[in-house]
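Dear colleague,

Please find below the sequence and the structure that I am handing over to you. My findings follow directly after them.

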Amino acid sequence: MAYWLVKSEPGEWSWDDHVRDGVAEWDGVRNHQASNNMRAMKLGDRAFFYHSVNEKRIVGVLEVVREFYPDHTDPSGRFDMVDFKALFPVKRPVTLAEIKADPALADFALVRQSRLSVVPVSDEHWRLLCRMAETEA
């Protein structure tokens, strides 16, 4: 199993929206590196749901339930999407400030490539972030 972090502006698509729908597509990604990260996702992979913009915090955990397929919102046909199932909220949201303050997360892609909307999470970082979020890995 691999781990990921996916970002969304809560005003556009929030954790609550995803929980309401249960399973939903993760569409609209238009960055090639982020798209390649989604292409690498496999069934059963887990992802942190991160509220970007004003909140900047991890709020929940998702599971990949459908691998890469064409994104119906892309008129060019160049980008694809995956489907995620909402699993559970984290017990304690973890802010970007907390992540940046931890030296063990200095090489985390969220810190190094802050504008990227889909980033990989190493096993070590996943376990650490789960501890910070008071959530089981």
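I begin with Lys-56, which counts as partly exposed because its relative accessibility is 40%. Please note that this is a predicted model. Lys-56 sits in the loop that runs between strand 3 (46–51) and strand 4. Although Lys-56 is not a glycine, its phi is positive, at about 50 degrees.

Glu-134 also has a positive phi, near 55 degrees, and is likewise a residue other than glycine. The position of Glu-134 is in the segment after helix 5 (123–132), and the positive phi comes just after that helix. With a relative accessibility of 47%, Glu-134 counts as partly exposed.

Helix 5

Which residues of helix 5 are buried? They are His-125, Trp-126, Leu-128, Leu-129, Cys-130 and Met-132. The elements that cover these buried residues include strand 1, strand 3, strand 4, strand 5, helix 3 (96–101) and strand 6 (118–121). As a general point, an α-helix has 3.6 residues a turn, so residues three or four places apart point the same way.

The nonpolar core

The largest nonpolar core has 41 residues, and within it Trp-26 and Leu-129 touch the most other members. Strand 4 (residues 57–70) supplies the largest share of this core, namely six residues. Leu-129 is also one of the buried residues of helix 5.

Leu-110, in helix 4 (residues 109–112), counts as buried because its relative accessibility is 2%. Not counting residues up to four places away in sequence, Leu-110 touches Leu-5, Lys-7, Tyr-50, Leu-96, Ile-99 and Val-119. Between Leu-110 and Asp-80, which are 30 residues apart in sequence, the C-alpha atoms are 22 Å apart in space.

The largest pocket

The largest pocket holds about 610 Å³ of space. It is lined by 24 residues, and those closest to its centre are Lys-7, Ser-8, Glu-9, Ser-52 and Ser-117. Strand 1 (3–8) and strand 2 (23–26) are the elements that give two or more residues to this lining. Strand 2 contributes the most, with three residues. What is the make-up of the lining by class? It has 10 nonpolar, six polar and eight charged residues.

Glu-9, one of the residues closest to the pocket centre, is placed in the loop between strand 1 and helix 1. With a relative accessible area of 42%, Glu-9 is partly exposed. Leaving aside neighbours within four places in sequence, Glu-9 is in contact with Ser-52 and Val-53; Ser-52 is also among the residues closest to the pocket centre. From Glu-9 to Cys-130 the separation is 121 residues in sequence and 22 Å in space, C-alpha to C-alpha.

Two further loop residues

Ser-14 lies in the loop between strand 1 and helix 1 (15–21). Is Ser-14 buried or exposed? Ser-14 is buried, because its relative accessible area is 10% and the cut-off for buried is under 20%. The side chain of Ser-14 reaches the backbone nitrogen of Asp-16 at 3.3 Å. Beyond its neighbours within four places in sequence, Ser-14 is in contact with Phe-49 and His-51.

His-72 is located in the loop between strand 4 and strand 5 (80–95). It counts as exposed because its relative accessibility is 56%, and the cut-off for exposed is over 50%. With Glu-25, the side chain of His-72 forms a polar contact of 2.5 Å. The C-alpha atoms of His-72 and Glu-55 are separated by 28 Å, and these two residues are 17 residues apart along the chain.

With kind regards

Definitions and conventions
Residues numbered from 1 in each chain as written. Predicted model: local features only at pLDDT ≥ 70, side-chain atom pairs only at ≥ 80, totals over all residues. Heavy atoms only, no water. Core = buried A, V, L, I, M, F, W, Y, C linked by side-chain atoms within 4.5 Å. Buried < 20%, exposed > 50% of the residue type's maximum accessible area, 1.4 Å probe, protein only. Helix = DSSP H or I, 4+ residues; strand = E, 2+ residues; numbered from the N terminus. Polar contact = N/O pair within 3.5 Å; in protein donor to acceptor, adjacent residues only side chain to side chain. 1 Å grid on protein atoms, 1.4 Å probe; cavity = no way out; pocket = protein on both sides within 12 Å on 5 of 7 lines; lining within 4 Å. Points joined across faces, edges and corners; volume = space filled by probe spheres on them. Nonpolar A, V, L, I, M, F, W, Y, C, P; charged D, E, K, R; others polar. Contact = heavy atoms within 4.5 Å.
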